[in-house]
Amino acid sequence: MKAIRRFTVRPVLPEQLRPLSELARNLRWSWHAETRDLFQSVDPEHWATSEGDPVRLLGSVSPARLAELAGDRRFLRRLTAASDDLHDYVTGDRWYQAQSAGLPAAIAYFSPEFGITAALPQYSGGLGILAGDHLKAASDLGVPLIGVGLLYRHGYFRQTLSRDGWQQEHYPVLDPHELPVTLLEEADGTPAQVSLALPGGKALHARIWIAQVGRIPLLMLDSDVEENALGERQVTDRLYGGGSEHRLLQEMLLGIGGVRAVRTYCRLTGHPEPEVFHTNEGHAGFLGLERIAELCEQGLDFDAGLEAVRAGTVFTTHTPVPAGIDRFDRELVAQHFGPGAELPGIDVGRILQLGMETYPGGEPNLFNMAVMGLRLAQRANGVSLLHGRVSREMFSGLWPGFDPAEVPITSVTNGVHAPTWVAPEVFRLGARQIGVQRTEDALSVGGSERWDAVADIPDQDVWELRRDLREQLVVEVRRRLRASWRQRGAGTAELGWIDGVLDPEVLTIGFARRVPSYKRLTLMLRDRDRLMDLLLHPERPIQIVVAGKAHPADDGGKRLIQELVRFSDDPRVRHRIVFLPDYGMAMAQKLYHGCDVWLNNPLRPLEACGTSGMKAALNGCLNLSVLDGWWDEWFQPDFGWAIPTADGVSTDSDHRDDVEAAALYDLLEQRVAPRFYERGRGGLPDRWIQMVRQTLTLLGPKVLAGRMVREYVERLYTPAAHAHRALGPDAARELAAWKGRVRGAWHEVTVDHVETSAPAATSAVAQLGTTLGLRVRVGLGGLGPDDVEVQAVSGRVDEEDRITDATTVALKPAGAPDPDGRWVYEGPLSLDRTGPYGYTVRILPSHRLLASSAELGLVAVPPRDAAEGGGVLLR
């Protein structure tokens, strides 16, 4: 029989064990080994069946066992030590508190998904795992972050396979009362709520759950409340589920409701109000509209509110392809704003302007969340150096007239939270070398360029560690593979072969990620005979562990999975290649720990960062990857291999896949496998061990989330906080009025004439070290010299006279305007490089409160006939 109502019955802990509840509710246990060991000792059997979830564990331990622990002095000493350690961790000064004054009082970090732990399944892939690692690293560093997301009652789907290898999705219901979260309550004990107005007089209400991530509160909005009608209750049902309106409501709740949740949390707890708002991808972009509406209620107009909001906003883009961005029909967006809906005090037309693709190639009837995110943020970044370049190209239409290199999108390369992803055995090996505290600091705070202590670890220890982790992976793969085959309908008698799957002595390659087409799950299958030869090589075999989920609506991705599963089902190779369904954090950790090589073969440059290889590297796994994302930035032959790419413009996709697959096979056959199996005089693979050592020494410090968050603090959060403080109401009004005046007058700004004062200017050749005097006549219309900067831009030129590697020099006005109202600007131009060289002149808006001279997207350049001598020198 099925129950008609469900309750969660919590255990009553003896007084001596009360600290267990606090330890279970703070998700620091998910990356703190001593706390996990403590919970395991409560009841090892139930710890295993609870899949390492302390909340589930405490709900299943018998009262007799709890009474026994309450009288166990040794356990109570351990409990006291763990509780005291957590208290010191969340209250003591850390890296952030040791920095100079002027840092933000608080930062609000918005993301549609957060991967903190498998016990809180609120993530689908890399974006969520990155967000979770961002919170954990911020906690370790003491950064006063507030996380903001949604609580999905079904999370992301669980994946199984049918008998013929087709992906099947399952959506288990999550009860927040059984998760490591607590309800935010008002002073009278009632649940705190936020509400959004919907068309037709309806409303969307949401409660606020808090997941405590070390020092960081993560606020999660949940619309499954009695006050909502059925449709509104389902807004937070599934991560990335539903149609356009469903997704729009999710993103309105995340952005607008999220700001309201932050305000409520700060009111109830006394937490400092955020000075900086960071939106992780465009899904939370509506947060800027809510903050403008707040300022409008305080007396600012829309334009001044926009400037004030932009000053304190950071936007991170994670996609290198336009198809990866949420876009909504503009009529759908218009329907949900304005009178009778949300933010009635803001003109709907102004809202639509923020998201419209008003640039060449854009779709004017679509509302683009990333475009709105960029227009609402004064600071923006991609997530690797290459992705920063790709983003500047992709969004360059928002800054017409500027070269992509000048588009104001920087990059902060992602990192991973080492305490979460490093195997306990790796940590213990480090602690044996430099001590527990130094190892913890090296992995969480970082800051060093190299981990030189790795050089002192004996080769034998390195190799035994790698073999131990590989052996653990083999055991885990067999367990999961047996469970998968039982789900696919196989009987026990059919599964004896699984005991021989994988071999702890064989080179093990991992490939695990989401399954969109550009990640090319099946590239390894392009030449199946050659792959079989590699898998079954008599002296140097390889074995491959594959995992990944396709989006439920992506039948193409599901076909790729089925193709790989059918190959791995072949009795000839099924002991050497396996596909494991239901890829998630718990599985990922075992893969990162146990693989020797991490494979990544996306279509370059479509991988924004690709952090899975970073997690593997921290465990001594070598990367074999296309030069994309972070690998393009940090690859060295000392610690991995680069798969050559055939990314010429004329290469069709099939031919490209054939060429790159052949390159992959060549690397595996001729370089990777021989290096693994080659033995030195001591019987060890000396050269392989040296690559592992170099990976840990040189790559380890770079890939840390602690390094990433420190960069955000220093390069983005702190400047944003300073800009926020500078944009008080009066300054915001001043900047908005100035921008309006400049935009209105810009059509009158002209470069009329450019001349040089040196004889060499009329020659096609000049000598290195020559200094030319530039004299430029400009028209400023209704603007004055204080409103603009006139620049000389010079550098090497290509065959089409485009300036590369440009240097800019500001020119100065020479006296008053002439009778025609024209101004003359002068300045030197030093010819400091040999080869083809050129210059031009341009006029940009200039104001002390601009973060970038490209901010307005306005530039004036000379007409073709404005310069004497053509302007190109040293040809």
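In which strand is D222 found? D222 is in strand β8, residues 216-222; strands are DSSP runs of E with at least two residues, helices are runs of H or I with at least four, and both are numbered from the N terminus. Before selecting anything, note that this is a predicted model, where local features need pLDDT of at least 70, side-chain atom pairs count only at pLDDT 80 or more, and totals for chains, interfaces and linings use all residues. Residues are numbered from 1 along each chain as its sequence is written, and side-chain values use heavy atoms, with hydrogens and water left out.

**The whole chain**

The C-alpha trace spans about 95 × 70 × 50 Å along its principal axes. Of the 875 residues, 57% count as buried, meaning under 20% relative accessible area with a 1.4 Å probe and protein chains only; exposed means over 50%, and partly exposed is in between.

**First stop: D222**

Select D222. Is this residue buried or exposed? D222 is buried, at a relative accessible area of 1%. Beyond four places in sequence, D222 is in contact (heavy atoms within 4.5 Å) with residues including L151, P176, H205 and T236.

**Second stop: S444**

Go to helix α18, residues 436-444, and select S444. S444 is buried, with 7% relative accessible area. Its side chain reaches the backbone oxygen of E440 at 2.7 Å. Leaving out residues up to four places away, S444 touches D140, P419 and G706. Select K136 as well: its C-alpha atom is 9.0 Å from that of S444, though the two are 308 residues apart along the chain.

Finish at S612 in helix α23, residues 612-617. S612 counts as buried at 10% relative accessibility. Apart from neighbours within four places in sequence, S612 is in contact with A512, R513, Y592 and W598.

Note on methods: A polar contact is a pair of N or O atoms within 3.5 Å; within protein, one must be able to donate a hydrogen and the other to accept it, and residues adjacent in sequence count only if both atoms are side-chain atoms.
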